[in-house]
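Subject: Structure handover

Hello,

Please find the structure below. My notes on what turned up in it follow.

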Number of protein chains: 4
Amino acid sequence: MPRQARSKATIDAIFDATIQILLSYGVRRLTTTRVAERAGVSVGTLYQYFPHKEALLYAIIEHYLSQVAEAVEESCNQNLGQPLAVASDALVSAYILAKSKDAEASRALYTVSSDVDVADLVNATFKRLHDAGGRLLRSCPHVQFENVDEVTFTLMAAVTGATRVAFQNDAHREKLDDFREQIMTMCRAFLQNAAVDR
Amino acid sequence: MPRQARSKATIDAIFDATIQILLSYGVRRLTTTRVAERAGVSVGTLYQYFPHKEALLYAIIEHYLSQVAEAVEESCNQNLGQPLAVASDALVSAYILAKSKDAEASRALYTVSSDVDVADLVNATFKRLHDAGGRLLRSCPHVQFENVDEVTFTLMAAVTGATRVAFQNDAHREKLDDFREQIMTMCRAFLQNAAVDR
Amino acid sequence: MPRQARSKATIDAIFDATIQILLSYGVRRLTTTRVAERAGVSVGTLYQYFPHKEALLYAIIEHYLSQVAEAVEESCNQNLGQPLAVASDALVSAYILAKSKDAEASRALYTVSSDVDVADLVNATFKRLHDAGGRLLRSCPHVQFENVDEVTFTLMAAVTGATRVAFQNDAHREKLDDFREQIMTMCRAFLQNAAVDR
Amino acid sequence: MPRQARSKATIDAIFDATIQILLSYGVRRLTTTRVAERAGVSVGTLYQYFPHKEALLYAIIEHYLSQVAEAVEESCNQNLGQPLAVASDALVSAYILAKSKDAEASRALYTVSSDVDVADLVNATFKRLHDAGGRLLRSCPHVQFENVDEVTFTLMAAVTGATRVAFQNDAHREKLDDFREQIMTMCRAFLQNAAVDR
DNA sequence: GATGAATGAGGCTTCATTCAT
DNA sequence: CATGAATGAAGCCTCATTCAT
């Protein structure tokens, strides 16, 4: 097994272990020793890959956030020039799909996000989504928005925020499909309402 | 200074200190000693009011959340029977206003709200909002919704979630008024779209 | 109620409370606050009677130990000149009776005796018993002992030590009467064996 | 130094430190930090071997008590079938010898033994002694006892209780040899008196 | 490189004691 | 005198991090 691949495998194992422990023990009990143990490596090894605990947490959040950002960006790019309704649906859909792909991880990471100092990372990722969404909206034919930035911000805030609520709400964890439909409706309605013909 | 008042003052000081420390140090550095110190009391005193750190966090979150929930409930009750658009605006407005009243505290408490220990409280409060919102929607004349619960959930998730994003987003903290307008628009659009005449 | 009597009543209440708490919570949870509360007085009042917690514990142990010592001394004095067997029985009987009088307190105090610095008190009390016993043995007609001190020491050590074991042994707490008979037999046999005619 | 041996050495050091602190500071001042310090390890290390303070105390008491119990059991087994006097002497002798082997430790541990947390252990050990003694007495030729259990209990209570008193009594610590002789005499006398021919 | 025992700073909590009311 | 809220030293324990093997 080549070095690179082994590294990757170890890091994946560590990430997985982290998520699992987060889910079953909670942030408070997330210790480096426990993570290492669950990942099947020694603490020493863990520290070879991540200089601090915080670095591990940062890395794992970055990993998941960037996956989501990429998915959304890609979807946005592929739907440039589409009619507003289509674009809107694509955007919302891509986001929720990306989050749902590893729903457990998403749930788990929401609980850490306030513990580590990832505000910057979150803000940066949000900006990526915001930018991608803005480009998409601007590309829609026949329509334009009075102040795209505000609209885009609100759109993305609603999608990401509502999704968080849905994931963290015990009662709704099962109804994600319904939720997606609703949010799509909401965004479509919002955008159509905010748009003016051009 | 009569006993009751002194108690109240002490608890307020502790709450304030907690918020401040949350804002300047973060959850990870929120220690009972630090809170007591900042509040100008001894740790012992803190522990006379709250049996453990968790109880303090619970109490403070409960305090702020219930204020918000009350404000929203009241607004909902006062707008029962109003046209959909009015009702929607009242609901959204009440929520964001309540949150903005003590914006710093809101920002601070978002960082604690993902804590396992208060998850139930957060869920319970969300339920209060959900119920109040549901009653309001059901009371609107001339309209009805195919599945009110889904609609209400999505509405509240979007409002609360988006507000969280707005509060936590460094870039947007100043533009809360614009944000409120936008969210109001969004919710109105969503509800009108989801409603069917009756 | 005259001052003296009120004092006495308070101190009694405090002693009782201490014993009860010892019995139901254990030494570790014996706090001055709890004692005061159970005794129906404030901590401040408790501290008016006893300068430290240790003073309280010392006083209560002293109280019970001296009761026992007095009872034994009195019994010894009243049996001076009696035949060995009678004297022996009287001694043993007096000790166990005194301990049994407030069996709960005895049990409770055994658990504190190593916590407070009462070694001197215990030694001193043991000396009182030892002396009283020695005088009694020396007074017995027709017999004498080669080295009375050794004999007396062993006698008293056996009686007091065995009684402690009996009180602390969960299984035997009910059978104290049988135990007393047995110990009486043992002591009689020992003394008769150790005695030489004169 | 192989791992096992180092572990053993560490545990021994911790045990020794505990005994020493017990002797020089008393139970009340026995803190985990102090033990670790005296043992030349860090608190963390102490907690790697013992999950809490209670576990340490339990372990150390268990260690010493089981040594004593084993010694007594062995002596009892080796003297099965011996005449009463021989059996009695062997039993008493074995117990006191075992206690004397590490007299300091014995003295120290008496101060812990009334702790609630180890009460069960003490009772259980007493039962081992009781059982071994009972078997021994039953095996003696030509004699039997009306109720062996009562006799055995009293015998063991007297031996263990009196030994405790002797160890804890400042004045007698030097005269253990005399004490042993006396206790042997006492037990022999008791048993011969309690026995009936068969 | 990998390991995991050892470290010790620092967090939470208790409780003896004081002192203003 | 009595009260009991306030104090803060000190105890227990955890866990991120290091480093000898």
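Let's start in a loop. His142(D) sits between helix 7 and strand 1 (143–145) of chain D. Helices (H or I, at least four residues) and strands (E, at least two) are DSSP runs, numbered from the N terminus. His142(D) is not a glycine, yet its phi is positive, at about 70°. Most residues other than glycine have a negative phi. His142(D) counts as exposed, at 61% relative accessibility. Exposed means over 50% relative accessible area, buried means under 20%, and partly exposed lies in between (1.4 Å probe, protein chains only).

His142(A) lies in the loop between helix 7 (119–139) and strand 1 (143–145) of chain A. Its phi is near 70°, again positive in a residue other than glycine. His142(A) is exposed, with a relative accessible area of 61%.

A word on the ground rules. This is a predicted model, where local features need pLDDT of at least 70 and side-chain atom pairs count only at pLDDT 80 or more, while totals for chains, interfaces and linings use all residues. Residues are numbered from 1 along each chain as its sequence is written, chains are lettered from A and ligands numbered from 1 in the order in which they are written, and side-chain values use heavy atoms, with hydrogens and water left out.

Now chain A as a whole. It has nine helices and two strands. From the N terminus, the order is α-α-α-α-α-α-α-β-α-α-β. Its C-alpha atoms fill a box of roughly 60 × 40 × 30 Å along the principal axes. Of the 198 residues in chain A, 51% are buried. Contact means heavy atoms within 4.5 Å. Among contacts in chain A between residues at least 6 apart in sequence, 71% join residues at least 24 apart.

Some chains do not touch. Chain A and chain C have their nearest C-alpha atoms 28 Å apart. For chain B and chain C, which do not touch either, that distance is 13 Å.

Next, a helix pair. Two packed helices are described by the angle between their axes and the distance between the axes. In chain A, the axes of helix 4 (residues 53–78) and helix 5 (residues 84–101) come within 9 Å and cross at roughly 155°. Axes here are lines fitted to C-alpha atoms, for helices over the stretch in contact, and angles run from 0 to 180 degrees between N-to-C directions. Helix 4 and helix 5 of chain A are therefore roughly antiparallel (over 145 degrees; under 35 is roughly parallel, 65 to 115 roughly perpendicular, the rest oblique).

Which residues of helix 4 of chain A meet helix 5 of chain A? They are Val68(A), Ala71(A), Val72(A), Ser75(A) and Cys76(A). On the helix 5 side are Ala90(A), Leu91(A), Ala94(A), Tyr95(A), Ala98(A) and Lys99(A). The residues of this contact divide into nine nonpolar, one polar and one charged. Ala, Val, Leu, Ile, Met, Phe, Trp, Tyr, Cys and Pro count as nonpolar, Asp, Glu, Lys and Arg as charged, and the others, Gly among them, as polar.

Helix 4 (residues 53–78) and helix 5 (residues 84–101) of chain D have axes that come within 9 Å and cross at roughly 155°.

Now the aromatic rings. The whole structure holds 16 aromatic pairs over all chains. Rings of Phe, Tyr and Trp (its six-membered ring) pair if their centres lie within 6.5 Å; planes under 30 degrees apart count as stacked, over 60 as edge-to-face and the rest as tilted. The ring centres of Phe179(C) and Phe153(D) are 6.2 Å apart and their planes are at 75°, so this pair is edge-to-face. The pair crosses between chains, from helix 9 (residues 176–194) of chain C to helix 8 (residues 148–168) of chain D.

Phe126(D) is in helix 7 (residues 116–139) of chain D, 27 residues from Phe153(D). Elsewhere, Phe126(A), Phe153(A) and Phe179(B) form one aromatic cluster.

Best wishes
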